[in-house]
Amino acid sequence: FLQGAFNKVYTVSGSKGTFISRVALPLAPRVKTLSEVTTMSLIRAKTSIPVPQVVAYNAGLNNELKFKWVLVEHINGLLLQERRYELLWLKKGLLVQKMVKFIDELSHLNLTGIGSVY
């Protein structure tokens with residue numbers, strides 16, 4: 001998840017593992033959160049793209065936080081933006097090949113229209 005003007009991201013650790021929580025300001029409609037959760041679940045189920053599993057979410061404001069929130073599993077890894085200058089050209093080439101594979105997988109999803117999958 002990205003953190004920005006409308007979202008706050010937290011790492012949450014407990015006895016069941018480490019999770020990422022994103023809390024969003026109530027500016028966008030409820031359908032935005034529902035679409036994000038549905039899209040992540042679809043991509044996780046239908047492709048090999050490493051998308052975190054959605055653990056829980058609340059797309060409304062009628063909860064203890066009074067904000068929309070999503071909780072996903074934490075996936076270990078490194079941010080490309082922090083490592084891109086250190087990578088050898090061979091590794092960069094392999095990374096581009098993997099990204100092309102992911103784009104190909106996405107292009108072969110049979111969706112019935114344009115816009116939100118929710």
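Where does Lys66 lie?

A: Lys66 lies in the loop between strand 3 and strand 4. Helices (H or I, at least four residues) and strands (E, at least two) are DSSP runs, numbered from the N terminus. This is a predicted model, in which local features need pLDDT of at least 70, side-chain atom pairs count only at pLDDT 80 or more, and totals for chains, interfaces and linings use all residues. Residues are numbered from 1 along each chain as its sequence is written, and side-chain values use heavy atoms, with hydrogens and water left out.

Lys66 counts as exposed because its relative accessible area is 52%. The cut-offs are these: buried means under 20% relative accessible area, exposed over 50%, and partly exposed in between, with a 1.4 Å probe and protein chains only. Lys66 is also 44 Å from Lys91, C-alpha to C-alpha, although 25 residues separate the two in sequence. To put that in context, the C-alpha atoms of the protein fill a box of roughly 50 × 35 × 30 Å along the principal axes.

Now step back to the elements on either side of the loop. From the N terminus on, the elements run β-β-α-β-β-α-α, which comes to three helices and four strands. The four strands form an open sheet in the order 1-2-4-3, with antiparallel pairing. Its edge strands are strand 1 and strand 3 (54-58), each of which pairs on one side only. Two strands pair if DSSP finds at least two bridges between them. On average, neighbouring strands of this sheet are turned by 15° against each other, direction ignored.

Strand 1 (residues 7-14) and strand 2 (residues 17-24) run antiparallel and are joined by eight bridges. The two form a hairpin with two residues between them.

Leaving out residues up to four places away in sequence, Ser21 touches Lys8, Val9, Tyr10, Val12, Val70 and Leu71, where contact means heavy atoms within 4.5 Å. One of these, Val9, is twelve residues from Ser21 in sequence and 5.7 Å away in space, C-alpha to C-alpha.

What about the helix that covers part of the sheet? Helix 1 lies across strand 2, strand 3 and strand 4 (68-73), running at about 15° to strand 4. For such angles, axes are lines fitted to C-alpha atoms, for helices over the stretch in contact, and the values run from 0 to 180 degrees between N-to-C directions. Thr33 is found in helix 1 (residues 30-46) and counts as buried because its relative accessibility is 3%. Apart from neighbours within four places in sequence, Thr33 is in contact with Asn58, Ala59, Lys68, Trp69 and Val70.

Finally, compare these residues with the whole. Among contacts with a separation of 6 or more, 48% are between residues 24 or more positions apart.
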